[in-house]
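I opened the model to record notes on its helices, its sheet and its aromatic rings. The entries follow in the order of my look-ups.

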Amino acid sequence: MTTNPPLGTPNYIDLGIPDVERAKRFYGDLFGWSFQDLGPDAMGYQGVMVDGQMIAGLAEVSAEDTGGRHWWNLYFSTDDADATLKKITDAGGEVVQPAGDVFEHGRMAMVKDPSGAQFGLWQGKDMPGSGIVNEPGSFAWEELYTRDTARVTPFYQAVFDLRPERIDAGPGMEYYALNRPDGRPVGGIARGDRDIPMWLVYFEVEDTDQAVRRVQDGGGELLDGPAETPHGRIANVRDPFGVEFRVIHSTGQ
């Protein structure tokens with residue numbers, strides 16, 4: 001990606017964990033990532049690099065600061081973070097961190113939707129977001145798991161004009177694709193019984209089974225799969241810090 005994507009497109013991810021060096025070893029071995037220290041002004045923030053492009057970030061965040069939980073933060077594109085924050089509060093969301101400039105790179109904010117799921121806004125300036133997406137080692141899809149689909153589907157449409165489309169995901173499953181106005185799906189919403197609603201990030205890999213072995217060898221955990229789906233071979237895993245994510249070898253890759 002070289003320019004800001006349309007409003008509501010997921011455009012960046014980062015992870016706050018208590019041990020950045022251990023995270024670098026785990027994710028470096030898993031995805032082949034390299035890392036770039038962004039300097040003292042960035043307070044130890046590490047750029048995650050794939051083929052010379054920054055695709056994500058790692059930051060040191062103590063367990064005390066997050067209540068013992070850690071997760072991949074997902075950011076959505078906007079051309080005006082402050083205006084989007086007003087839409088979020090008008091639609092029943094909550095501001096966690098007001099919009100602020102990140103050097104010359106862009107402007108960001110952290111929020112929660114009406115079900116309590118946290119996500120970020122990224123208004124790209126010098127950095128439009130992840131430099132590579134949908135390729136091995138980068139993020140390729142994202143899904144919101146929440147008990148309250150009735151409140152969040154109209155929320156994401158009101159804020160980002162992401163239009164929910166009910167998808168047949170099997171017996172007993174309630175699932176919606178979120179489509180931009182141009183018809184492109186950019187994420188999904190699934191009804192789930194998790195205690196804490198969350199956006200779950202998928203990473204593209206060349207071999208799902210090999211990726212699972214690397215997760216386990218690195219001290220992570222397999223939660224479910226691998227399994228074949230119409231969209232690719234998927235596994236649900238956790239890293240050594242308990243961070244849940246998914247790996248996928250997409251159909252057609």
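This is a predicted model: local features need pLDDT of at least 70, side-chain atom pairs count only at pLDDT 80 or more; totals for chains, interfaces and linings use all residues.

Residues are numbered from 1 along each chain as its sequence is written, and side-chain values use heavy atoms, with hydrogens and water left out.

**Aromatic pairs.** I found 25 aromatic pairs in the structure. Rings of Phe, Tyr and Trp (its six-membered ring) pair if their centres lie within 6.5 Å; planes under 30 degrees apart count as stacked, over 60 as edge-to-face and the rest as tilted. The ring centres of Tyr27 and Trp72 are 5.5 Å apart with planes at 85 degrees, so this pair is edge-to-face. Tyr27 lies in helix 1 and Trp72 in strand 5 (residues 72–77), so the pair ties together parts that are 45 residues apart in sequence. Helices (H or I, at least four residues) and strands (E, at least two) are DSSP runs, numbered from the N terminus. One aromatic cluster includes Tyr27, Trp72, Phe26 and Phe31.

**Helix 1.** I compared the span of the 12 residues of helix 1 (residues 20–31) with expectation: at 1.5 Å a residue it should be 16 Å, and the end C-alpha atoms are 16 Å apart, which agrees. The expected span is 1.5 Å times one less than the number of residues. Among the buried residues of helix 1 are Val20, Ala23, Lys24 and Leu30. Gly32 follows helix 1 and has a positive phi, near 75 degrees.

I traced an open sheet of 8 strands in the order 10-11-12-9-13-16-15-14, with mixed pairing; two strands pair if DSSP finds at least two bridges between them. Strand 10 (163–167) and strand 14 (221–229) stand at the edges with a single partner strand each, so one side of each is left without a neighbour in the sheet. Strand 10 pairs with strand 11 (residues 175–179) in the antiparallel sense over 5 bridges, and Glu165 stands opposite Ala177 in strand 11.

**Hairpin.** I also checked strand 6 (residues 94–102) and strand 7 (residues 106–112), which run antiparallel and are joined by 6 bridges. Their hairpin has 3 residues between the strands, and Phe103 there takes a positive phi near 50 degrees.

Notes. Buried means under 20% relative accessible area, exposed over 50%, partly exposed in between (1.4 Å probe, protein chains only).
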